[in-house]
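Dear colleague,

Please find below the sequence and structure that I am handing over to you. My notes on it follow.

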Amino acid sequence: MKADLKSMEVASILKEWLIIAHKSQVQASKELGIHPSVLSRQLKAKENIQPDKIQKFIKLYSPSKEEATRLEAILAAIQHDNQVTAWASEAHGLINFYGKDGILLELLNIWPEDREDKIKILIYANNLVKERNNAAKETVSSATTEDILKAHSVIIGRSEKNKK
């Protein structure tokens, strides 16, 4: 797994805190309730640290409230990036599911660099798809048996004419 810069920064902060607290990785792993090799991989940003372990790490080893706040801000940014990535993946999945939808494709063509704009576009695209789905469901659910039979007879009539 290739670590991103934010994950590497988190790992660096946690290693720094262990040094300040005069704790070895073995001691910290026991206090955190994880295997030393797991903690080692996490502190090298080769493996993700579970949120509950990070909270415990903050409680046990944060040298100051400011340091805890700094780490929490980085974690919030990581979580935000993960959410944007999930929404982007969902938008691409919707396009694949619904075919080459003109509106969704156009949204992706004007894809902005700003993270907040991306979120707004993905929410808008998702709402468009939901509206289309709801409209289609309402059309089908409001159709009476008589409407369906009429549509069926029209389709059958067309196919009969095409055969002749």
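At what angle do helix 1 and helix 4 pack, and how far apart are their axes? The angle is about 30° and the axes lie 10 Å apart (axes are lines fitted to C-alpha atoms, for helices over the stretch in contact, and angles run from 0 to 180 degrees between N-to-C directions). Helix 1 and helix 4 are therefore roughly parallel to each other (angles under 35 degrees).

This is a predicted model, in which local features need pLDDT of at least 70 and side-chain atom pairs count only at pLDDT 80 or more, while totals for chains, interfaces and linings use all residues. Residues are numbered from 1 along each chain as its sequence is written, and side-chain values use heavy atoms, with hydrogens and water left out.

The chain has eight helices and zero strands (DSSP runs, H or I of at least four residues for helices and E of at least two for strands, numbered from the N terminus).

Where helix 1 meets helix 4, L14, W17 and L18 face F57, I58 and Y61 (contact means heavy atoms within 4.5 Å). The residues of this contact are six nonpolar, no polar and no charged (Ala, Val, Leu, Ile, Met, Phe, Trp, Tyr, Cys and Pro count as nonpolar, Asp, Glu, Lys and Arg as charged, and the others, Gly among them, as polar). Leaving aside residues up to four places away in sequence, F57 touches L14, W17, L18, L32, L39 and S62.

Yours sincerely

Technical notes
Parallel < 35°, antiparallel > 145°, perpendicular 65-115°, else oblique.
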